[in-house]
Amino acid sequence: MKKIFKKKLIIIYLIILFIVVIVNIFYLYLSSSLKITGKNNIEINYGEKYKDEGATFKIFKSNLSKKIKVKTNINYEKIGKYKITYSAKYLIFNIKKERIVNIIDSKPPTIILKGENQINVCPDSIYKEVGYKAIDEYDGDITDKVKKNIDGHGNIIYEVSDSSGNKTSIKRKIETKDNESPKIKLKGNSTIYIRLNTNYQDYGYEVTDNCDDLPKVEVINNLDTARLGTYTITYKAIDSSNNTSSITRNIIVYDDKKEGIVYLTFDDGPSGTGSTEKILNVLKNHGVKATFFVTSNGPDSLITRAYNEGHKIALHTSTHKYSYVYASVDNYFEDLKTVQNRVYRLTGEYSKIIRFPGGSNNTVSNRYSNGIMDILTKEVIKEGYSYFDWNVSSGDAGECSTPECVYNNVINGLSKNRINVILMHDIKMFTADALDNIIEYCKLNGYTFKAIDETTYPVRFK
Ligand code: ZN
């Protein structure tokens, strides 16, 4: 009895064991039927996205892939390891597979230097940090983690690591040298007129330098106030690294005590109607030199003739249209350069002596650009021109229409105690007709004639 019972028990055990083995084998089969497509371990960089390739589940030739449930906890905002779980149910079994997605930060941070990558530092001074910034795609602003070191050549090495250990370093070259020139500026005007035999008092200069407190200035000066002429004073600034810069001032020594000099000046020509030609003939007969402030009008040949006969060709205006010339500073200079080019073409000289249409104090110009004369009178000087107005008006552009009227205005305006700049217009025949008598009068009364040149004291309204 006992023996039979024992035998039955063994059989039951064997049956249970058999079932367990079968179930396990079946489970293994099911488990191997759930297959992950692609790699089980995926590594992507922060900022990238993983596109799931999914999984398949096939049992005994039937495709049950649609039954797969996919779950994931991926957070793309944070680096780390994440799971994608694929699960499927079959009978009483629940099959699971996992894929690992590892989000890593392999990109090094970036260091941005403010200012130049190479900086020159003045001798005897140290570099003052201009600034920098460190940005990591994952960590954000990590400027506070930047370490600064100085290498053997005095350069600065900026170094930073992000939270994943990615390192960046950048160098700022520091050179101890000064290659910037000092800056020197004149006090007072760049052209100064002084009378013959008077003392010249220099207005001085202002000088600054990036490194030196007070750079050296050499003043080169051959001014002789006892001789008429144009002199140049050169101010040369030199810093302790021998960088130089210089600036000049023109000193014009003039003589207004030479009593009774007459400058005959003619505007608006040349004219092809005969008046300019007549004026040139009269001047030639008397051996007198005059000044012609020309326009773009009239024949070239008259300018050439006047130049060849020793007269000064100066610049008036190309168009003589107030509405254009005085509409803007640009217009003014464009117009002036046009007539300057004409004179250059005919004489080979870039004349720098000018007369504003209407004179420097004309108010007509305000109609086209209010206050433009204040600007232009300064600008032309800056550009190296010298402008002339007049102190004797012939009236030939206004009240006069006869030679007698012009003659009377001129001789009544003359003064022996100064230089006389007479305004006339060579486009007027009655002016040409008056000229011979005017010159006769001047000669009889001890006046002398001159053409304007660069040393002539500029008679100006403003
Ligand atoms: Zn004019």
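I began with V121 and found its bridge partner in strand 14, which is T176. I note here that the model is a predicted one. I then looked up the strands around this pair: strand 9 covers residues 118-121, strand 14 covers residues 167-176, and four bridges join them in parallel.

On strand 13, residues 156-161, I counted six bridges to strand 14, and this pairing is antiparallel. I checked two of the positions. V160 has T168 as its bridge partner in strand 14, and I156 stands opposite R172 of strand 14. Strand 13 and strand 14 form a hairpin with five residues between the strands, and in this hairpin G165 has a positive phi near 85°.

Which strands make up the open sheet of three, and in what order? I read the order as 8-10-11, with antiparallel pairing. Strand 8 (110-113) and strand 11 (140-141) each have a single partner strand, so one side of each lacks a neighbour in the sheet. I looked up the pairing of strand 8 with strand 10 (residues 132-136), which is antiparallel and has four bridges. In it, K133 of strand 10 is the bridge partner of I112.

I looked up what holds the zinc ion. Its coordinating residues are D268 (OD), H316 (NE2) and H320 (NE2), at 2.1 to 2.2 Å. Along the sequence I write their spacing as D-x47-H-x3-H. D268 and H320 come from distant parts of the chain, 52 residues apart. I place D268 in the loop between strand 21 (261-267) and helix 2 (275-286). H320 lies in the loop between strand 23 (312-315) and helix 4 (322-325).

Are D268 and H320 buried or partly exposed? D268 counts as buried because its relative accessible area is 16%, which is under the 20% limit. H320 has 24% relative accessibility, so I list H320 as partly exposed.

Helix 3 (residues 300-308) and helix 5 (residues 329-347) meet at an angle of about 65°, and their axes are 9 Å apart. I record the crossing as right-handed. On helix 3 the contact is made by D300, I303, T304 and Y307, and on helix 5 by R342, R345, L346 and T347. Sorted by class, I get three nonpolar, two polar and three charged residues in this contact.

Last I looked up I44, which is found in strand 2 (residues 41-45). Its relative accessibility is 7%, so I44 counts as buried. Which residues does I44 touch, leaving out those up to four places away in sequence? I list K49, Y50, Y76, V101, N102, I103 and I104. I also checked D105, which is 61 residues from I44 along the chain, and the C-alpha atoms of the two are separated by 8.6 Å.

Methods: Residues numbered from 1 in each chain as written. Predicted model: local features only at pLDDT ≥ 70, side-chain atom pairs only at ≥ 80, totals over all residues. Heavy atoms only, no water. Donors = N, O, S within 2.8 Å, 3.2 Å for Na, K, Ca; no water. Helix = DSSP H or I, 4+ residues; strand = E, 2+ residues; numbered from the N terminus. Buried < 20%, exposed > 50% of the residue type's maximum accessible area, 1.4 Å probe, protein only. Pairing = 2+ DSSP bridges. Axes fitted to C-alpha atoms, helices over the stretch in contact; angles between N-to-C directions. Left-handed = near helix turned anticlockwise from the far one by under 90°. Contact = heavy atoms within 4.5 Å. Nonpolar A, V, L, I, M, F, W, Y, C, P; charged D, E, K, R; others polar.
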